[in-house]
There are 2 protein chains.
Amino acid sequence: MNQVEMIHLSIEDLCIIRSLQEQVKEHLTQIVGNFYKNLENEPSLMKIIKDNGSVDRLKKTLHRHMFEMFSGTIDDAYIKQRYIIAQVHVRIGLQPKWYMSALQDLLQSLIIHVISNIKNIEQYQDNILAVTKIFNLEQQIVLEAYELENEKIRQTDLAEKETMKLQVNHNAEELAAISQETSSATQLMANKVGEIHDFTQRVRD
Amino acid sequence: MNQVEMIHLSIEDLCIIRSLQEQVKEHLTQIVGNFYKNLENEPSLMKIIKDNGSVDRLKKTLHRHMFEMFSGTIDDAYIKQRYIIAQVHVRIGLQPKWYMSALQDLLQSLIIHVISNIKNIEQYQDNILAVTKIFNLEQQIVLEAYELENEKIRQTDLAEKETMKLQVNHNAEELAAISQETSSATQLMANKVGEIHDFTQRVRD
């Protein structure tokens, strides 16, 4: 079983998602605008945004990202593209909890602006299920990127520790070698002193 | 702004959630049963489950957890309890992406078995929004637990590296001290040899 099966994302769901794309497009400027307006309430998020480009550029990226999310196609390119964007967010230090709440904000906007146009309740439910699934997949891709980044940090730490261990061992060996050498040299010198001592004794006698 | 504000979780949402609790209770045995049936398709998850207790015990825990999720109260005790359960999942090595897909599976069951009973479309939408919000909050608590656990691992690694650095420095200092000592001792001995040499010279002369 993979995660797509775990969340029961089916071909029918993807067809529904694709069928929503045009309506999503109509509301995207508003949805993306509201999204960044909401972020303005959190100074720590605004700081991250301002340190990493302009709001206008990010709005354009989000616009494209959301539009592609409703393409109804999930292939390697789709996953990879999402992965790259997730990695950027890991690198700029956005905590995953903020990422998740941001996605929830976008999901709610889509429900309010797009899904609410459906007046048949069964159809409404099918659409809700499909959209929550595609958002959940998005979350999973993001989290996998975060996990891999954490794993990378762990591996770097591990490699550094290994290097240090080697350094400690190397120093200890050097210490032992020097002790050995000086001890031999001292012994040699002591022998020489002994010999000289014996010699002077003989000379005196 | 906190994350509750970010996802627009309001008192009205909590009232809706509370109003669903009785209906949720009626379907919980079925929902929890389906949930674990779904997990059976993933051997890696079944192994984690079997290594950490019986399915029956976990079903009871999930049953209680879901029921409390619809209490309509979010206080410190609620957050703390969720936090503890999240930490258990971090410790048993469940990847966050599986946790997220598991929550999606439960959300879908709730939509299909509980929300679908609502026949008024506006009311239906209010309920959907409230339920997705409480699920999103659940995800955020889980992710914060994962992040803190990762941070703890990073701190432990950092402390180990510090200890090693101290060890490396200590060895280097010891090496320097021994070199210094042996060099002094050798010098002393060389002086003595010189003196003896002079003395024997004088004796000879």
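Is B:Gln104 buried or exposed? B:Gln104 is buried, at a relative accessible area of 4% (buried is under 20%, exposed over 50%, partly exposed in between, with a 1.4 Å probe and protein chains only).

Some ground rules before going on. This is a predicted model, where local features need pLDDT of at least 70 and side-chain atom pairs count only at pLDDT 80 or more, while totals for chains, interfaces and linings use all residues. Residues are numbered from 1 along each chain as its sequence is written, chains are lettered from A and ligands numbered from 1 in the order in which they are written, and side-chain values use heavy atoms, with hydrogens and water left out.

**Around B:Gln104**

B:Gln104 sits in helix α6 of chain B (helices are DSSP runs of H or I with at least four residues, strands are E runs of at least two, both numbered from the N terminus). Its side chain has a polar contact of 2.8 Å with that of B:Gln108. A polar contact here is a pair of N or O atoms within 3.5 Å; within protein, one must be able to donate a hydrogen and the other to accept it, and residues adjacent in sequence count only if both atoms are side-chain atoms. Setting aside neighbours within four places in sequence, B:Gln104 is in contact (heavy atoms within 4.5 Å) with A:Ile7, A:Thr132, A:Lys133 and A:Asn136.

**The interface**

Zooming out, 66 residues of chain B are in contact with 65 residues of chain A. The buried area is about 6300 Å², with carbon and sulfur atoms giving 67%; that is the accessible area (1.4 Å probe) the two parts lose on being put together, summed over both. The rule finds 6 salt bridges across the interface of chain B and chain A (a side-chain nitrogen of Lys or Arg within 4 Å of a carboxyl oxygen of Asp or Glu). B:Glu160 and A:Lys161 form a salt bridge, with the closest N and O atoms 2.3 Å apart. On the side of chain B that touches chain A, the largest share, 39 residues, comes from α7(B).

**Tyrosine pairs**

Over all chains, the structure holds 5 aromatic pairs (ring centres of Phe, Tyr or Trp, its six-membered ring, within 6.5 Å; planes under 30 degrees apart are stacked, over 60 edge-to-face, the rest tilted). Two of them:

| Pair | Centres | Planes | Type |
|---|---|---|---|
| A:Tyr99 and A:Tyr146 | 6.4 Å | 85° | edge-to-face |
| B:Tyr99 and B:Tyr146 | 6.5 Å | 85° | edge-to-face |

A:Tyr99 lies in helix α6 and A:Tyr146 in helix α7 of chain A, so the pair ties together parts 47 residues apart in sequence. Both A:Tyr99 and A:Tyr146 are buried, and both B:Tyr99 and B:Tyr146 are buried.
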